[in-house]
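Q: Could you take me through how to read the features of a model like this one, giving the general idea before the particular case?

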Amino acid sequence: MSGFQSMVYKDDTICALASPQGSGAIAVIRLSGKESLNIALAHFSARKKPINHDNIISHHLYFGDFIDGDKIIDEILLSYFKGPNSYTTEDIIEISCHGSTYVQQLIIQVLLDSGARMADAGEFTMRAFYNGRMDLSQAEGVADLIASQSKTAHQLALNQMRGGFSDKIKELRTELLNFTSLIELELDFAEEDVEFADRKQFLLLINRLKLELNKLIESFKLGNVIKKGIPVAIIGKPNAGKSTLLNALLNEEKALVSEIPGTTRDSIEDTIVIDGYTFRFIDTAGLRNSTDVIENMGIERTYEKINQAVIILYICDISEINREHIDEVFNEFKSYINDIDKHFIFVANKIDELETIPPHLKDMLEQNSVFVSAKRKENIHLLASTLVSKVKDKNIGNEIIVSNSRHYDALAKSLDSLIQVEIGFQNDIPTDLISIDIRQCLHHLGTITGEITTDEVLGNIFGKFCIGK
């Protein structure tokens, strides 16, 4: 991270391991900068026709040996990407060698001895940003794509990396900037009392921009869930089988299982990908009246997790289900059951303890119910399918969805500034003061794409990248 404290672009040649650390079948070492080709050719001996500056072709692979003087270090594939048609817009060399950590270290050391330096975390992408290959939002999309663990998170990151979100922000900013230039032009002719900007048209623009910003801000609820995993709270009375169910879903002994009521005193979280969707399961303390201070703290946290959850699994012992119990649950969790942003599912557990499931139970529980035996892992696949069915309609396609908290914060501040502009016009505030709020809105929008930024922001963003990217 220290290399990014000043965030000054350095016109030198960097190198780093671009594949994961450790040994494997192959490893990829990357060079970027004006001396990349010179350094690479000084240590490459092609097996067939000799390769030099005159005959090497961009975006081609060459087979040969990586050498250090008269010593052969490894057989490699060398690829050359001539700038500006490369990831960083600089000349890039990629060396595919065998995955021995010893071989990787030898090759990197030779490159360093030949004039390259080790890249800082995210420096390749930072150079792509500085050189105009991508804006800041797209660069963050690259990091999200690398970190994506599910189909939806992958699609979300891919959309952002391709610039859909950036294009929308630039479009909004350009429209506002055009009107701002007219408003500020009026300030130069203040003594002549002229208007260059149509106030009615400007108010219409503000209303439309507010709608667009509100839509993007609202999308963060979905985007954040997709990025971090769909939160699923597992709740119910003590000994209903919540921890056993969590273990069955995760297919591992994650939670402690005991016949003693109140064993789970704090929430336990873990994630699993089902049909391309990441679910973040939260096993919570059993809901009951207790005199145990620690257990009561766990129960309080349970209600906090219920508020945060998108899906609520209410686990009940099938032998204890009756109309009174169902009515009690409906009354206690009515607000969640009727919440269109949440999905409340009854899970009737311990079906292995009944010979048959009484028909009246299904009638009482209606359609949002699944009958399982967590202990024997019976019908766990049906529960998994039910979970997917609740979120599969959230196919994002090419829709613009905000998933980055930095973007969300900037959008919220932009909206606040626009609201102040609207209030200013409605109250006949002087144009020069209104202009300040417009500029604030433009500033916040500009921070999203990197048209306006600081070393601190850049260091925070690129410092989280892996070295080699």
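Q: How much space lies in the largest pocket?
A: Rolling a probe the size of a water molecule over the atoms shows where empty space is left. In this structure, which is a predicted model, the largest pocket holds about 640 Å³ of space. Its lining is made up of 28 residues, and those closest to the pocket centre are Glu-140, Ala-143, Asp-144, Lys-227 and Asn-404.

Q: Which helices each supply at least two residues of that lining, and how do the lining residues divide into nonpolar, polar and charged?
A: At least two lining residues come from each of α4 (136-147), α5 (151-161), α7 (199-228), α14 (405-426) and α16 (455-462). By residue class, the lining of the largest pocket has 11 nonpolar, 11 polar and six charged members.

Q: What is the order of the strands in the open sheet of seven strands?
A: Strands of a sheet pair through backbone hydrogen bonds, either parallel or antiparallel. Here the seven strands of the open sheet follow the order β3-β4-β5-β6-β2-β1-β7, and their pairing is mixed. Because β3 (44-46) and β7 (117-118) stand at the edges with a single partner strand each, one side of each is left without a neighbour in the sheet.

Q: How many bridges join β4 to β5, and how many join β5 to β6?
A: Strands β4 (residues 60-68) and β5 (residues 71-81) run antiparallel and are joined by nine bridges; within this pairing, Tyr-62 has Leu-78 of β5 as its bridge partner, while Asp-65 has Glu-75 of β5. The two strands form a hairpin with two residues between them, and Gly-69, which lies in the turn, has a positive phi of about 70°. Between β5 and β6, which also run antiparallel, there are five bridges, and Tyr-80 stands opposite Ile-93 in β6.

Q: Which strands does helix α2 touch where it packs on the sheet?
A: Helix α2 (residues 101-113) touches β1 (14-17), β2 (24-32), β4, β5, β6 (92-99) and β7, and its direction makes about 150° with that of β6. Helix α3 (residues 123-130) also packs on the sheet, where it touches β1, β2 and β7, with a direction at about 135° to that of β1.

Q: How many helices and strands are there in the protein chain, and what percentage of its residues count as buried?
A: The protein chain contains 16 helices and 13 strands, and 48% of its 469 residues count as buried. Of the contacts between residues at least 6 apart in sequence, 66% join residues at least 24 apart.

Note on methods: Residues numbered from 1 in each chain as written. Predicted model: local features only at pLDDT ≥ 70, side-chain atom pairs only at ≥ 80, totals over all residues. Heavy atoms only, no water. 1 Å grid on protein atoms, 1.4 Å probe; cavity = no way out; pocket = protein on both sides within 12 Å on 5 of 7 lines; lining within 4 Å. Points joined across faces, edges and corners; volume = space filled by probe spheres on them. Helix = DSSP H or I, 4+ residues; strand = E, 2+ residues; numbered from the N terminus. Nonpolar A, V, L, I, M, F, W, Y, C, P; charged D, E, K, R; others polar. Pairing = 2+ DSSP bridges. Contact = heavy atoms within 4.5 Å. Axes fitted to C-alpha atoms, helices over the stretch in contact; angles between N-to-C directions. Buried < 20%, exposed > 50% of the residue type's maximum accessible area, 1.4 Å probe, protein only.
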